[in-house]
Amino acid sequence: MAGSIRVAGFAYMVVDMADDKTSLLVRDYSRQLIVVGVQNNERLYTLEVPDLLPSDETFWTLAGSGFLGHSSDSIFASCLVRRSNGDTASRNYVVNIRTGSVSEIRPSRCLENGWDPVLKSWFYVYSIERLPNRTLLVSTNDLRYDYANDTFLDEEISDPRGGHLYFYKRTWLSGYLVGRSGWFRGPGQDSISLVVDGKSFEMSQLVSDMYVQSSIRGTDYVILDVIPNRYASSSGKGWGPELWVVDVGRLLRDKSISNAIVVKRNLHEAYCSLATLGLYAYAYDLDHVYISMHQDGEYVQIPFRISLSSPTFKSPITFR
């Protein structure tokens with residue numbers, strides 16, 4: 001329970017869509033990655049992530065997952081693990097769903113247990129960037145790793161005001177790097193900014209929290225999951241989280257957040273569903289946006305496809 005709302009205790013979420021739009025990769029909170037056929041909601045493949053790990057690695061967290069290349073043949077699973085003897089390690093696996101073969105990705109500069117002596121941290125992957133000519137793994141400290149050439153890119157997104165930058169995405173059309181920066185300056189003085197290629201745009205006057213959830217193919221649009229400062233709307237439904245689509249190119253030209261917002265969608269007003277365990281918004285385009293929702297009282301939060309072009313379209317991803 002959360003107040004008068006009976007929240008879900010478990011969530012499935014869409015984390016990736018194959019470039020040809022035939023397959024989705026669905027992750028659950030605990031242990032599975034599921035490849036789902038888009039046309040019929042058919043479960044095509046189920047990966048039990050613990051089966052990848054050695055038997056002495058008993059406590060683990062799935063840090064990230066996705067389709068590795070431009071087809072849905074290969075998926076990666078990145079884990080932080082704690083061994084039975086108390087040691088920590090990281091593991092990054094690639095599974096070919098056609099053949100069942102399993103291989104491990106580890107930069108040559110990292111130790112066998114995944115420790116990166118250059119960054120002095122564990123190497124793990126939490127998202128992926130598929131570019132026309134290569135695939136990059138977004139890893140520890142937001143570094144991008146070209147696994148085919150075993151190199152890290154020097155290019156990093158910077159925060160011009162020295163705050164902590166995280167949750168960034170690259171736009172597909174122009175390659176802008178878009179992130180969220182924030183820090184605590186004192187009671188009632190939290191600062192939240194959208195940072196684009198090192199340029200900072202203050203968001204605190206509009207939102208109390210914000211995350212960059214996804215970029216949209218073929219555009220310079222990103223989707224923000226925000227909690228507006230105004231909790232109540234004219235309809236009186238007053239449910240906080242919204243999805244905002246921001247045109248990053250327009251933002252850089254006009255220097256105005258308000259002018260750059262091309263879509264605002266209050267999910268409760270549009271769909272009367274809840275996302276109490278998080279939205280987990282993933283977008284391929286404006287008509288293929290996937291978020292996890294549930295009705296009051298349901299135990300499992302499942303992904304729905306919605307369209308930001310159509311205010312009422314909603315289709316569940318059931319993968320039976």
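This is a predicted model: local features need pLDDT of at least 70, side-chain atom pairs count only at pLDDT 80 or more; totals for chains, interfaces and linings use all residues.

Biologist: Why is Lys21 called partly exposed?

Modeller: Its relative accessibility is 31%.

Biologist: Where is Lys21 found, and what is its phi?

Modeller: Lys21 is in the loop between E1 and E2, and that hairpin has five residues between the strands. Its phi is near 65 degrees, a positive value in a residue other than glycine. Most residues other than glycine have a negative phi.

Biologist: Which loop holds Asp150, and what makes it partly exposed?

Modeller: Asp150 sits in the loop between strand E13 (144-146) and strand E14 (151-152). It has a relative accessible area of 31%, so it counts as partly exposed. Asp150 is not a glycine either, yet its phi is positive, about 55 degrees.

Biologist: Back to the strands: how do you know that E2 pairs with E1 and with E3?

Modeller: Pairing needs at least two bridges between the strands. E1 (residues 10-17) and E2 have five bridges, in the antiparallel sense. E2 and E3 (residues 32-37) also have five, again antiparallel. Leu25 in E2 illustrates both pairings: Asp16 stands opposite Leu25, and Val35 is the bridge partner of Leu25 in E3.

Biologist: What makes E2 mostly covered?

Modeller: Six of the six residues of E2 (residues 23-28) are buried. Ser23, Leu25 and Arg27 point one way, while Leu24, Val26 and Asp28 point the other way, and all are buried. In a regular strand the side chains alternate between the two faces of the sheet.

Biologist: Why is a set of residues called a nonpolar core?

Modeller: Its members are buried residues of nonpolar types, such as Leu and Met, joined through side-chain atoms within 4.5 Å. The largest such core has 20 residues, and Leu194, Met203, Met210 and Leu224 have the most contacts inside it. Among the elements giving two or more residues to this core are strand E19 (207-215), strand E20 (221-228) and helix H1 (248-254). A second, separate core has 18 residues, including Val35, Ile75, Val95 and Ile97.

Biologist: Which residues is Met210 in contact with, leaving aside its neighbours within four places in sequence?

Modeller: Met210 is in contact with Arg180, Ile192, Ser193, Leu194, Met203, Leu224, Asp225 and Val226.

Note on methods. Residues are numbered from 1 along each chain as its sequence is written. Side-chain values use heavy atoms; hydrogens and water are left out. Buried means under 20% relative accessible area, exposed over 50%, partly exposed in between (1.4 Å probe, protein chains only). Helices (H or I, at least four residues) and strands (E, at least two) are DSSP runs, numbered from the N terminus. Contact means heavy atoms within 4.5 Å.
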